[in-house]
Amino acid sequence: MQELTCDLLVIGAGSGGLSVAAGASQMGADVILLEGHKMGGDCLNYGCVPSKALLAAAKTAYTQSHASAYGVADQAPVVDYSAAKNHVHDVIATIAPVDSQERFEGFGVRVVREYGRFVDDRVVEAGAFRITARRIVIATGSSPFVPAIEGLEDVPYYTNETLFDLRERPDHLLIIGGGPIGMEMAQAHIRLGSKVTVIEGAKALGKDDPELAEIVLDQLRSEGVEIAEEAQAAHVGATPTGSVRVTAKDGRVFEGSHLLMAVGRKANIDRLNLEAAGVETNRAGVVVDESLRSKNRRVYAIGDVAGGLQFTHVAGYHASVIIKSILFGLPSKAKTSHIPWSTYTAPELAQVGLSEAEARKAHGDRLEVARFDYHHNDRALAERKSKGLIKVMVVKGRPVGVSVVGHQAGELVALWSMAIANNMKMSQVAAMVAPYPTISEMNKRVAGAYFSPRLFDSPRVKQVVRLVQRWLP
């Protein structure tokens, strides 16, 4: 076995691992990167990129059949599902060079295409190599969680890791799981011509603001998606005709041609032999402190495997946090208050910071909620995308959370991440000038809505204005 040494060993070539490896190597560290599967990780190959590409194809089909409002004749779209998947894989192939082994070797990173396994607190074996590292970063991500449902092992099913290789359009897609992945794929497939039923054990989009989530769910229902809530799957089996049958605990029965499991994610830690490294784990993944260090002070964990919010941009953010500690020995802590997320249905659903319910629980009567509706935005009206609203939770003049549902919600929420990250005041957001007409005006207008009662409904303000007007020449 060949012995290797390095300053930094990164295990996993997804978003977080690649960011750490590239940054550390370019700043002078000796870096080895391990990846036993595909470069780019889940996001590029099975998650963010393919799902948004498929949603783009579905949006095009939907637009064709809903064009008459713009003075263009509606056309029933002729969908080639296999060609839509060609589009998905073409997008992956276009982005793949950015995450390629060759590119990172160009940065000076030694890339080893093997899975890693700890043998002690600072040594990892990978294929024919035994690697001793000063610091180690676990960035192995997550994979689909498939619950133990009776009969499931005897029925073919898909996850996000296999769905994008399916070339035959499902006649009737059953989706177990009503979270972001399930709802995005539900809308994509209903628009591409499939019948779709979502089977959710609790409340669909249950982690989001219920008022805003309901707007998304109403839209999906209007497009033909059946959403069965409080339907805990108890048994899965095949019918005599070859269909898939899902039976809920309350007796409801759902039948379809294909089954997608979208009930959540699990951290990829099984191969790592973390006990040998003295790294503590729990059901969510690797246990880390605020600096993203594990119980073993040489070992960090970032991204999905660190047991927190599971988003690609979180992994990238984590990379920026630990690089300060690993390269410069500087203290650096990860925060979550400014982390946004978005579900890319139409309309989109986005959140940063506290929801209204969370903010009321945390701040009580000190909380103020500013609202602004899309139907007051001229650009939204011009594009007939006026369904939605933005809510800003404000405490002592500063935003502590923002919820958005509507066109480009994921774009709008980015500004509020900056505001919360920098402890900005609502007055600073209100001072911005947005170009007209844009959806981005929503952010300024909701900040204005926060100040409107203070300016327009205040007897004192009116009294001061009248007094000043008497004295002005």
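Biologist: Happy to look at this with you! Is the crossing in which α1 passes α8 left-handed or right-handed?

Modeller: First, this is a predicted model, where local features need pLDDT of at least 70, side-chain atom pairs count only at pLDDT 80 or more, and totals for chains, interfaces and linings use all residues. Residues are numbered from 1 along each chain as its sequence is written, and side-chain values use heavy atoms, leaving out hydrogens and water. A crossing counts as left-handed if the near helix is turned anticlockwise from the far one by less than a right angle, and as right-handed if clockwise. For α1 passing α8, the crossing is right-handed.

Biologist: At what angle do the axes of α1 and α8 cross?

Modeller: Axes are lines fitted to C-alpha atoms, for helices over the stretch in contact, with angles from 0 to 180 degrees between N-to-C directions. The axes of α1 (residues 15–26) and α8 (residues 312–328) come within 8 Å, and their crossing angle is roughly 35 degrees.

Biologist: Which residues of α1 meet α8?

Modeller: Contact means heavy atoms within 4.5 Å. On the α8 side, the partners include T312, A315 and G316. From α1 come S15, G16, S19, V20, G23 and A24.

Biologist: Nice! What radius of gyration does the protein have?

Modeller: The radius is taken over C-alpha atoms, and the globule rule is 2.2 Å times the number of residues to the power 0.38. With 473 residues, a compact globule would come near 23 Å, which agrees with the protein's 25 Å.

Conventions. Helices (H or I, at least four residues) and strands (E, at least two) are DSSP runs, numbered from the N terminus.
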